Amino acid sequence: MHTKNERIAGLVRQLLAELGEDPSREGLQKTPERVAAALSFLTSGERTDPIKLINGAVFTQETNSMVIVKNIEVYSLCEHHMLPFFGRCHIGYIPSGRVFGVSKLARMVDMYARRLQLQERLTEQISRAIMESIDAKGVGVMIEAQHLCMMMRGVEKQNSVMITSSVLGTFRESQATREEFLALIGSRAP
Ligand SMILES: [Zn+2]
């Protein structure tokens, strides 16, 4: 019985042959196993339990001020081409008694990023997870990312950055809150 990674490696070997390569040449001999291991890691978020990850990360703290975490690195794979998109995620939220540990917030971003994704969906999944797990009064998430499927295939799109945002609760209802968020993350309105 082959393991899952061995089966994926077999498919990559076939893929290389279909692309006109010789999978047995020296440089490619271990490539199928490497690709299988890389893809398995890059999609591991799908197999991570969000409840488990979030539970250990929440602390009681009486504050009603906006919490901002800027410039969380994001690396994901677009589901249309299975090519990377990457950039920065900015998160703001107004707690109601519970806050996140900062490193766990970054790990939550990784968990949602490590799967076949759309930037829009990634942005929303992060904002919803924050809203629901700490019952926040409001959440704003903005992701600025560059997509290799555009940059490597397109012409003169090398510097294009896609910006997505998701606002919930008070961030959606109050323009002042939204503006405070945008000012604190140092961005112009999208
Ligand atoms: Zn794509």
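Is R13 buried, partly exposed or exposed, and what is its relative accessible area? R13 is partly exposed, with a relative accessible area of 34%, where buried means under 20% relative accessible area, exposed means over 50%, and partly exposed lies in between (1.4 Å probe, protein chains only).

1. Basis of the notes. This is a predicted model, in which local features need pLDDT of at least 70 and side-chain atom pairs count only at pLDDT 80 or more, while totals for chains, interfaces and linings use all residues. Residues are numbered from 1 along each chain as its sequence is written, and side-chain values use heavy atoms, with hydrogens and water left out.

2. The salt bridge of R13. The partner of R13 is E33, and the closest N and O atoms of this salt bridge are 2.8 Å apart; the term stands for a side-chain nitrogen of Lys or Arg within 4 Å of a carboxyl oxygen of Asp or Glu. Because R13 belongs to helix α1 (residues 4-18) and E33 to helix α2 (residues 31-42), the pair ties together parts that are 20 residues apart in sequence. Helices (H or I, at least four residues) and strands (E, at least two) are DSSP runs, numbered from the N terminus. E33 is partly exposed as well, at 42% relative accessibility.

3. Other salt bridges. The structure holds 6 salt bridges. One of them joins E21 to R25, with the closest N and O atoms 3.0 Å apart; E21 is partly exposed at 33% relative accessibility, and R25 is partly exposed at 38%. Another joins D110 to R114, with a closest N to O separation of 3.6 Å, and here D110 is partly exposed at 23%, as is R114 at 26%.

4. The zinc site. C78 (SG), H81 (ND1) and C149 (SG) coordinate the zinc ion at 2.2 to 2.3 Å, and the donor residues follow the spacing C-x2-H-x67-C in sequence. Distant parts of the chain are linked by C78 in strand β2 (residues 67-78) and C149 in helix α6 (residues 148-151), which are 71 residues apart. C78 is buried at 6% relative accessible area, and C149 is buried at 8%. Donors are N, O and S atoms within 2.8 Å of the metal (3.2 Å for Na, K and Ca), and since water is not among the atoms, sites may look incomplete.

5. The nonpolar cores. The largest nonpolar core has 32 residues, and those with the most contacts inside it are C89, I91, Y93, F100, M108, I126 and I130; such a core is a set of buried Ala, Val, Leu, Ile, Met, Phe, Trp, Tyr and Cys residues joined through side-chain atoms within 4.5 Å. Among the elements that give two or more residues to this core are β3 (84-94), α4 (102-113) and α5 (119-134). Apart from this core lies another, of 7 residues, including I94, M142, F171 and L182. Leaving aside neighbours within four places in sequence, M108 is in contact (heavy atoms within 4.5 Å) with L53, I54, F100, I126, A129 and I130.

6. The surroundings of L16. L16 lies in helix α1 and is buried at 12% relative accessibility. Not counting residues up to four places away in sequence, L16 touches E21, P23, T31 and P32.
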